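Here is a short report on one protein model.

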Amino acid sequence: APSRGDVLIKGKRVNDVPIHRRNLGVVFQNYALFPHKSVYDNVAFGLKYREVEKAEARRRVKQALELVQLPHVEDRLPAQLSGGQQQRIALARAIVIQPDVLLLDEPLSALDANLREEMRIELKRIQRELGVSTVFVTHDQAEALAMSDKVVVMSEGYKEQEGSPESVYNRPVSAFVADFLGHSNLLEGKIRRAGGGTTLETRSGFSLRLDDQVDTGPAQVVVRAEKVSVGRETGSTDDATVLEGTVATVDYQGLSARYFVDVAGTHLQAINPIDRHPFREGDRVFLRIRKSDCVVLADSGHATDDTSESQA
């Protein structure tokens, strides 16, 4: 029972409606298929308790299995299916009842990396075809960003931020969100205005150029790792900060590399595509950080933009 607030489905308050009467489709993390029942009986389980006529139930089961692209496995047992196939059957069981809301509890966590990517695309296709509102719970940042129309980042029962994948990723409102979604550099110091410009004077001793509209005083600044360019030359300093450092660690990732660069005793992360050869540990490099890629957070850990405040 909610401690406060209301649960609304299609505008109707359902706090006091028993769960089995809320018409929710649920896909569990471990699939929760009945091992002794055939695929057909697993998928038809919810229809049986809704007293759907046999002919209509058969039609819906067939339709659901076709939607998950497994139309010829209805006589098999779950143990005869692969992990990815079992996940599809669990999804078919959830959608066959024509739910008002589809709830997915980390449904891809039990799959290997390649199958996860494949099923991520399939789930998005199926959700688009059904047009049903879907809540997808995941700890995987790639899943959250790739699959969502709206992302809600939660921390200890509270909502840290809500918005489009692009806005939540590029303009995090707190250090928690910045760290949870992607790789970020969190720099602390004081914002000052001098010589016609605004800078963050970091605790490490170097300065970071910022947009002029930010407030002065103690602050935290977040810079996404992929927004930091690594090069052998300084490059243009227009609207950007250029820092010299030494590559401390290289995390080779095939098409890209994640570098940890020592700048005045602080390790800054940078993720860059690789052009032929990545930089090596010990290389002297220049980091370029554009002013527009620096997100300023307030002392509380939330953005200075009043429109981005955290809500409970």
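## Contacts and overall form

Contacts between residues 24 or more positions apart make up 62% of those in the protein with a separation of 6 or more. The model is predicted. It holds seven helices and 17 strands. The radius of gyration is 25 Å, well over the 20 Å that the globule rule gives for 312 residues, so the protein is more spread out than a compact globule. Along the principal axes, the C-alpha atoms fill a box of roughly 80 × 50 × 25 Å.

## Surface and charge

Buried residues make up 43% of the 312 in the protein.

The protein carries 40 positive and 45 negative charges. Their mean positions lie 5 Å apart.

## Helix α1

Helix α1 spans residues 39-48 and is mostly covered. Seven of its ten residues are buried. These are V39, Y40, N42, V43, A44, G46 and L47. The cover over them includes α2 (54-67) and α3 (83-95).

## Two nonpolar cores

In soluble globular proteins, nonpolar side chains tend to be buried together. The largest nonpolar core here has 35 residues. V43, V61, I89 and L91 touch the most other members. The elements giving two or more residues to this core are α1, α2, α3, β4 (101-105) and α4 (113-130). Helix α3 gives the largest share, six residues.

What does V61 touch, leaving aside residues up to four places away in sequence? The list is Y40, V43, A44, L47 and V96. Of these, Y40, V43, A44 and L47 are among the buried residues of α1. A second, separate core has 26 residues, including V221, V230, V263 and L268.

Most residues other than glycine have a negative phi. Q69 has a positive value, near 60°. Q69 sits in the loop between α2 and α3. Its relative accessibility is 45%, so Q69 counts as partly exposed.

A264 is not a glycine either, yet its phi is positive, at about 55°. A264 lies in the loop between β14 (256-263) and β15 (266-273). Is A264 buried or exposed? At 54% relative accessibility, A264 counts as exposed, because the cut-off for exposed is over 50%.

Terms used
Residues numbered from 1 in each chain as written. Predicted model: local features only at pLDDT ≥ 70, side-chain atom pairs only at ≥ 80, totals over all residues. Heavy atoms only, no water. Helix = DSSP H or I, 4+ residues; strand = E, 2+ residues; numbered from the N terminus. Rg over C-alpha atoms; globule rule 2.2 N^0.38 Å. Buried < 20%, exposed > 50% of the residue type's maximum accessible area, 1.4 Å probe, protein only. Contact = heavy atoms within 4.5 Å. Lys, Arg positive; Asp, Glu negative; His and termini not counted. Charge placed at Lys NZ, Arg CZ, Asp CG, Glu CD. Core = buried A, V, L, I, M, F, W, Y, C linked by side-chain atoms within 4.5 Å.
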